[in-house]
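Please read them beside the sequence and the structure shown here.

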Amino acid sequence: MSPDTVFDQHTHLFDARGVARRFRHSAIFGAIGALRSGETMRFVNDHDPIPLIAQLRERLGEHLTVTYRQRDADAVVIDFGITGLPEE
């Protein structure tokens, strides 16, 4: 699957491979924090971010969904969805 596969207007691409490693977690937390209920961030990375997923689950609990779209040596593609947040 190509990370730039066409997706709906509620899915936003975040390609972490272009972000310096020391800034990645901060940038990802900021991007996830900007999502509204019903939106998804399609996350592309050069490795499986298992510790990051644990941190996101700790922060967001039941409001976070994690769906792997690709998981191989070329790239890891994950859809992080946000559900059930109160309306702004």
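1. Basis of the note. This is a predicted model, in which local features need pLDDT of at least 70 and side-chain atom pairs count only at pLDDT 80 or more, whereas totals for chains, interfaces and linings use all residues. Residues are numbered from 1 along each chain as its sequence is written, and side-chain values use heavy atoms, with hydrogens and water left out.

2. Strands E3 and E4. Helices (H or I, at least four residues) and strands (E, at least two) are DSSP runs, numbered from the N terminus. Strand E3 comprises residues 64–71 and runs antiparallel to E4, the two being joined by seven bridges; strands are said to pair if DSSP finds at least two bridges between them. Four residues lie between E3 and E4 in the hairpin that they form.

3. Burial of E4. Seven of the seven residues of E4 are buried, where buried means under 20% relative accessible area, exposed over 50% and partly exposed in between (1.4 Å probe, protein chains only). On one side of E4 the buried residues are Val76, Ile78, Phe80 and Ile82, and on the other they are Val77, Asp79 and Gly81, which leaves both faces covered.

4. Strand E2 and its partners. E2 spans residues 40–45, and six of its six residues are buried. Both of its faces are covered, with Thr40, Arg42 and Val44 on one side and Met41, Phe43 and Asn45 on the other. Strand E1 (residues 11–15) runs parallel to E2, with five bridges between them; Leu13 has Arg42 as its bridge partner in E2. With E4 (residues 76–82), E2 pairs in the antiparallel sense over six bridges, and Asn45 has Val76 as its bridge partner in E4.

5. The crossover through H1. E1, helix H1 (residues 21–34) and E2 make a right-handed β-α-β unit; right-handed means that, with the strands pointing away from the viewer, the path from the first strand over the helix to the second runs clockwise. H1 has 14 residues and reaches 21 Å from its first C-alpha to its last, close to the 20 Å expected at 1.5 Å a residue, the expected span being 1.5 Å times one less than the number of residues. The buried residues of H1 are Arg24, Ile28, Phe29 and Ile32, and what covers them includes E1, E2, helix H2 (50–60) and E4.

6. Phe43. This residue of strand E2 counts as buried because its relative accessibility is 0%. Not counting residues up to four places away in sequence, Phe43 touches Phe14, Ala16, Ile28, Pro49, Leu52, Val76, Val77, Ile78 and Phe80, contact meaning heavy atoms within 4.5 Å.

7. The nonpolar core. A nonpolar core is a set of buried Ala, Val, Leu, Ile, Met, Phe, Trp, Tyr and Cys residues joined through side-chain atoms within 4.5 Å. The largest one has 16 residues, of which Ile28, Ile32, Met41, Phe43, Leu56 and Phe80 touch the most other members. H1, E2, H2 and E4 each give two or more residues to this core, and E4 gives the most, with four. In soluble globular proteins, nonpolar side chains tend to be buried together.
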